[in-house]
Amino acid sequence: MRKLKGIISGLAGALAVNILHETIRRYDSKAPRIDLIGKEALSKSLTGIGVEPPKGKQLHQATLAGDIVSNTLYYSLIASGDANKKWLRGAMLGASAGIGALKLPKPMGLDDRPVTKNRKAEVLTVLYYTFGGLVTAATYALLTKK
């Protein structure tokens with residue numbers, strides 16, 4: 001039951017990150033474009049194994065789905081360890097994911113400019129993922145409340 005609660009909580013955090021990102025990117029040109037890194041990663045990965053990547057809206061949807069699944073699994077780690085430290089764990093998982101989103105694209109052969117194009121984009125990237133971690137912690141707190 002603990003793992004299921006972790007996955008449900010992780011899904012809440014993953015959806016929160018994506019809703020926040022998708023909303024803000026539509027209204028602010030200086031906001032991070034995490035979706036562009038995801039699209040590039042998916043396209044390169046599929047091409048690398050000899051599969052033609054989707055284009056346009058289908059690529060966006062496939063990237064969004066992959067992002068939700070991977071973030072759900074990552075944030076579900078909230079259920080590991082001491083339940084009394086869920087808030088700290090949520091914040092640390094989120095901040096770590098945000099820093100990873102800034103630092104990992106370039107070494108992976110991806111263009112990091114969509115998240116490093118300006119200081120605002122860098123700060124928002126870390127804040128988005130930290131927000132996701134805190135939503136995960138809040139959801140987990142509600143699900144494990146006695």
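Of the contacts (heavy atoms within 4.5 Å) between residues at least 6 apart in the sequence of the chain, 73% join residues at least 24 apart. The model is predicted, so local features need pLDDT of at least 70 and side-chain atom pairs count only at pLDDT 80 or more, while totals for chains, interfaces and linings use all residues. Residues are numbered from 1 along each chain as its sequence is written, and side-chain values use heavy atoms, with hydrogens and water left out.

**View 1. The chain as a whole.** The chain has 6 helices and 0 strands (DSSP runs, H or I of at least four residues for helices and E of at least two for strands, numbered from the N terminus). The radius of gyration of the chain is 16 Å, close to the 15 Å given by the globule rule for 146 residues, so the chain is as compact as a globular protein of that length. This radius is taken over C-alpha atoms, and the rule is 2.2 Å times the number of residues to the power 0.38. Along the principal axes, the C-alpha atoms fill a box of roughly 50 × 35 × 30 Å. Buried residues make up 40% of the 146 residues; buried means under 20% relative accessible area, exposed over 50%, and partly exposed in between (1.4 Å probe, protein chains only).

**View 2. Helix H1 and its buried residues.** Helix H1 covers residues 2-27, and its 26 residues should span 38 Å at 1.5 Å a residue, which agrees with the 38 Å between its end C-alpha atoms. The expected span is 1.5 Å times one less than the number of residues. Among the buried residues of H1 are Gly6, Gly10, Gly13, Val17, His21 and Arg25. The buried residues of H1 pack against helix H2 (34-48), helix H3 (56-75) and helix H6 (119-144).

**View 3. Isoleucine 7.** Isoleucine 7 lies in helix H1 and counts as partly exposed, at 39% relative accessibility. Not counting residues up to four places away in sequence, isoleucine 7 touches Thr72 and Ser76. Its C-alpha atom is separated by 14 Å from that of leucine 93, 86 residues apart along the chain.

**View 4. Helix H3 and its cover.** The 20 residues of H3 should span 28 Å at 1.5 Å a residue, and the end C-alpha atoms are 28 Å apart, which agrees. Leu59, His60, Thr63, Asn71, Thr72 and Tyr75 are buried in H3. The cover of these buried residues includes H1, H2, helix H4 (86-103) and H6.
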